[in-house]
Structures are given as structure tokens and as C-alpha cells.
There are 2 protein chains.
Amino acid sequence: MTTGTRRRLAPEVRRRQVLDAAIAVFSEEGLHGASMDAIAARAGVSKPSVYAHGGTKDELFAACLAREADRLMSSMTAAVLPDGSSGEDGAQQRLRRALRAFFRAVTTHRQGWTVLYRQASTGEFAGPVDAARRSIVIRAAELLAAELGGSVEAAEPIAHTLVGAAEGLADWWLGGDHAPGEQEPADLLADMLMAVVWPGLDALRRV
Amino acid sequence: MTTGTRRRLAPEVRRRQVLDAAIAVFSEEGLHGASMDAIAARAGVSKPSVYAHGGTKDELFAACLAREADRLMSSMTAAVLPDGSSGEDGAQQRLRRALRAFFRAVTTHRQGWTVLYRQASTGEFAGPVDAARRSIVIRAAELLAAELGGSVEAAEPIAHTLVGAAEGLADWWLGGDHAPGEQEPADLLADMLMAVVWPGLDALRRV
DNA sequence: CAACCTATCTACTCCTGCGTAAAGTAGCGA
DNA sequence: TCGCTACTTTACGCAGGAGTAGATAGGTTG
């Protein structure tokens with residue numbers, strides 16, 4: 001790994017490198033299992049450089065969480081907001097689009113998802129992370145309440161169920177290695193989840 | 001914490017005390033956050049005693065996982081196996097009973113569940129834990145395949161979805177504090193989950 | 001081409017916390 | 001009453017890893 005020549009890069013570029021390496025290592029080893037030395041090695045950089053660009057280990061971890069949470073949130077937000085097809089598109093369409101965006105983001109940046117979902121659920125970083133999660137759940141609850149009737153509070157447990165189901169399915173998909181199918185996997189996963197939950201949600205509407 | 005009188009107890013009893021204390025501390029602090037001193041203090045016992053009865057920190061943690069996983073597994077197994085009402089009871093009934101058992105176990109032993117679900121999902125203990133989880137998923141998949149038709153492999157993603165949904169709902173319930181309602185909360189949660197997913201599962205049967 | 005700024009590296013310090021050793025004390029059976 | 005031994009207190013060895021100080025060298029500007 002000794003390139004022999006040590007290169008000076010723009011701080012922004014180095015910071016990006018360090019963040020990427022940190023996410024990779026954190027996703028494999030967890031917050032405590034990862035050492036700053038390992039992150040430095042992965043980034044192809046010395047440890048003081050990691051401190052210079054990423055700060056303390058905790059700050060670095062927080063930065064990873066922030067970046068990945070932001071990425072995920074903005075993907076889903078972008079998918080739901082613009083009503084692409086003009087005219088009325090019901091809750092079913094919007095829900096499916098949100099799920100597709102979720103699965104696409106998760107399958108595309110699996111390391112980031114792993115850090116958010118498995119490594120940050122506990123400890124002092126639980127707060128920020130499930131703030132983001134909660135934000136997703138609230139959106140889902142609002143969508144459900146608007147379309148199925150009832151208050152947002154009443155829809156909250158259902159939204160948690162839905163989000164949990166999506167996480168479970170994503171986790172399964174990321175766990176095994178799957179042969180590349182003919183269709184985009186994310187869309188397939190979204191359709192599968194919709195097939196399971198939508199009839200039930202639809203039935204709740206006409207109670 | 002000095003009781004003044006120090007009591008001699010049977011090794012089995014002491015071991016139980018240590019395990020209970022360990023689960024309590026691990027559930028609050030996580031594997032790395034918990035110190036052996038803290039566990040000793042919680043158990044009302046000196047640190048060497050913890051080592052005498054619980055072994056190494058890792059061994060102790062593994063023992064906690066084993067006990068709680070076993071508790072959960074046997075609860076659910078017991079709930080599904082004996083067909084209480086004679087005669088045919090369909091997949092819907094068995095599924096509901098399994099879910100009730102799950103939610104009952106989780107709400108009853110929340111510390112144990114926390115250790116399994118949040119603290120052990122990463123690191124070197126991921127293996128044993130999601131072996132147990134996988135076992136539950138397989139059972140669910142078998143049940144679904146038997147009743148809805150199709151192979152077990154095809155039912156696997158659906159089973160993961162189902163288990164994820166249950167975990168999400170349980171996590172939500174354990175997160176907030178809820179006023180004691182008129183009905184057993186576990187049964188309420190199971191009914192809620194069934195309402196969401198069963199119509200979809202039922203629809204899959206007649207494809 | 002020389003001076004200089006600063007990104008980067010090598011090589012430390014220091015602290016936390018696991019795990020254990022040694023010596024003393026007190027419950028409980030004989 | 002005597003001892004066996006589970007248990008406690010206290011102190012320490014040791015490893016791993018976070019964070020830093022000082023040296024080094026890439027690039028840049030006059």
C-alpha cells in the first residue's frame with residue numbers, strides 16, 4: 001500500500017475518501033469493532049489524516065450516519081413528492097413508488113444501509129438514526145391516514161409494521177447473493193411487499 | 001450494596017443472578033458499553049464471582065443470548081405445535097397463535113428481546129442470533145408454503161417480510177409507554193398484524 | 001530555483017477495561 | 001467447635017486502541 005510517493009489532495013476529496021472508507025469498515029466491523037487504523041488503511045491514508053479530515057471516531061461515525069441517512073431520506077422524498085403521471089394517483093401508487101425508492105437506495109448503497117440499520121441502532125447514536133427512521137414512519141402514517149381514514153396516531157402502528165416489513169425484506173435480500181434476474185430487483189421487492197400488505201391496508205379502509 | 005451478611009448460595013442460583021444482571025446491563029449498554037464491574041455491581045456480587053459463574057465477557061454474553069433465544073423459541077414452538085382445538089385449524093389460526101406467543105414473549109421479557117434484537121445483531125455474535133431468527137423464518141416459510149402452496153424457497157421472502165413486520169411492531173410497542181388497555185397487549189398486536197398481512201397472504205393462495 | 005506552507009507520515013503516550021492472583025473472612029456441614 | 005470452601009477485597013498485569021507531537025516532503029509562488 002506504500003505508493004512510494006505521497007500525494008497532496010484537496011481536503012474535500014480526502015474527506016470523501018475517508019468517509020467512504022469509514023462507512024465500509026463500520027459496516028463490516030461496527031462502531032466498536034472498527035479501529036481508526038483500519039479505517040486509515042482502507043482509505044490508503046495515515047491515521048493522523050483520518051483525524052484531520054474526519055475528526056474523532058465518534059464525529060466520523062456521526063458524519064457517516066448523517067450522509068447515509070440524508071441520502072436515503074432524499075431518495076424517498078424525491079420519489080413520493082413529484083406526482084409524475086398527471087391526474088389522480090392513489091395511495092397505492094405513491095406507496096409503491098416510495099417502496100421502490102427505498103429498496104433501490106438500500107440495494108445500491110448496501111454498506112450505508114448496513115451502518116444505519118445494524119450498527120447504529122444502539123448506543124449513543126440511536127437518537128439521530130431513529131429520528132430519521134421515525135421521520136419515514138411519520139410520512140407513511142400520514143399517507144395511510146389520509147387515504148385510509150382515521151387519525152395519524154391510529155395509523156402509526158401500521159406504519160411501523162410496514163416499515164419493519166420493508167426492512168426485513170431488504171435485510172433478507174442483502175443477506176444472500178442473488179443471480180441477476182431480468183427485472184430490477186428493487187422493483188421486484190417493492191411489488192412483493194405490496195402484494196402482501198396492500199390487500200390488508202385496502203380492507204382497513206372500508207371498516 | 002453491602003448487605004452486611006454475605007450469603008452462600010448454590011452455584012446454580014448464583015449463575016442465574018449473574019445472568020439476569022448481565023442481561024439487564026447488556027440490554028441498556030450493549031456488549032461493549034457494559035463493563036464487567038457494572039454487571040458485578042448489578043448482581044450484588046464481586047467481579048471475580050462474575051468470572052467464576054459466568055466466565056469471560058464473551059461467554060457471558062453468549063450465555064445470555066442462548067437463554068433468551070431459547071426462551072423465545074420454545075414459547076413460539078409450544079404455541080404452534082399443540083392443536084388446542086381439535087379438528088382442522090387452518091394456517092390463519094396457527095399463524096395468529098404464533099404471533100401472539102411472539103408478542104407475549106417479547107413484552108414479557110423486554111430486556112432479553114432488546115439484547116437479542118438490538119445488541120447482538122452485529123459483531124461476532126450475529127451468527128448464533130440470526131440462526132435463531134432464521135429458524136423462526138423457516139418455520140413461517142414452511143407454514144406459508146404448506147397452506148398457500150408453492151415451495152418453501154418461494155415463501156422465504158414472504159416469511160422474512162412477515163417476521164420483519166412483527167419486529168417493527170414489537171419495537172414500536174416497546175419504545176413508547178402505553179396505558180394499560182382492557183385487552184392483553186400482545187393479542188392486540190397480533191390481531192393488528194394479522195389484519196394487515198392476512199388478506200394479502202390469503203390472496204396469494206389463489207394465484 | 002529557493003523559500004515556505006501545509007498535507008501527510010512515523011512513532012510515540014496514555015487510558016480504559018478485561019482478566020487474574022493473593023490473602024483474608026464468614027457461612028454452613030460434621 | 002472446627003474446618004472446608006465459597007466468597008470478598010484489593011491490587012495488579014496486560015493488550016488494544018484512541019488520540020497527538022514532531023519530523024518530512026509535495027506542491028506552489030515569487
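Mentor: Start with one term. Two residues are in contact when heavy atoms lie within 4.5 Å. Keep in mind that this is a predicted model.

Trainee: What makes us say that the copies meet through the same surface?

Mentor: Compare the interface residues, picked by that 4.5 Å contact rule. Of those in chain B, 96% are also interface residues in chain A, so the two copies use the same surface. The contact takes 27 residues from chain B and 27 residues from chain A.

Trainee: What is the area buried between chain B and chain A?

Mentor: About 2,300 Å². This is accessible area lost when the two are put together, summed over both. Carbon and sulfur atoms give 65% of that area. On the side of chain B, B:Thr161, B:Trp172 and B:Val196 supply 24% of what the chain buries, more than any other three residues.

Trainee: How many salt bridges are counted between chain B and chain A?

Mentor: The count is 0. A salt bridge needs a side-chain nitrogen of Lys or Arg within 4 Å of a carboxyl oxygen of Asp or Glu.

Trainee: Which elements give two or more residues to the side of chain B that touches chain A?

Mentor: Helix 6 (110–119), helix 7 (126–148), helix 8 (152–175) and helix 9 (185–205) of chain B. Helix 8 of chain B gives the largest share, 10 residues. By type, that side of chain B divides into 14 nonpolar, 9 polar and 4 charged residues.

Trainee: Now chain A itself. What does its secondary structure come to?

Mentor: 9 helices and 0 strands. The C-alpha trace of chain A spans about 70 × 40 × 30 Å along its principal axes. The chain is divided into domain 1 (9–55) and domain 2 (67–205). The C-alpha centres of the two domains of chain A lie 29 Å apart.

Trainee: How many residues does the contact take from domain 1 and from domain 2 of chain A?

Mentor: Domain 1 gives 10 residues and domain 2 gives 8. The area buried between these domains of chain A is about 730 Å², with 60% from carbon and sulfur atoms. A:Ile23, A:Ser27 and A:Leu31 supply 59% of the area that domain 1 buries against domain 2, more than any other three residues.

Trainee: Why is the pairing of A:Arg67 and A:Asp20 called a salt bridge?

Mentor: Set the distance against the cut-off. The side chains meet at 2.6 Å, N to O. The rule asks for an Arg or Lys side-chain nitrogen within 4 Å of an Asp or Glu carboxyl oxygen, so this pair qualifies. The count between domain 1 and domain 2 of chain A is 1 salt bridge. Across that interface, 2 residue pairs are in polar contact. The side of domain 1 that touches domain 2 in chain A divides into 5 nonpolar, 2 polar and 3 charged residues.

Technical notes
Residues numbered from 1 in each chain as written. Chains lettered and ligands numbered in written order. Predicted model: local features only at pLDDT ≥ 70, side-chain atom pairs only at ≥ 80, totals over all residues. Heavy atoms only, no water. Domains from an automatic or database assignment. Buried area = accessible area lost by both parts, 1.4 Å probe. Polar contact = N/O pair within 3.5 Å; in protein donor to acceptor, adjacent residues only side chain to side chain. Nonpolar A, V, L, I, M, F, W, Y, C, P; charged D, E, K, R; others polar. Helix = DSSP H or I, 4+ residues; strand = E, 2+ residues; numbered from the N terminus.
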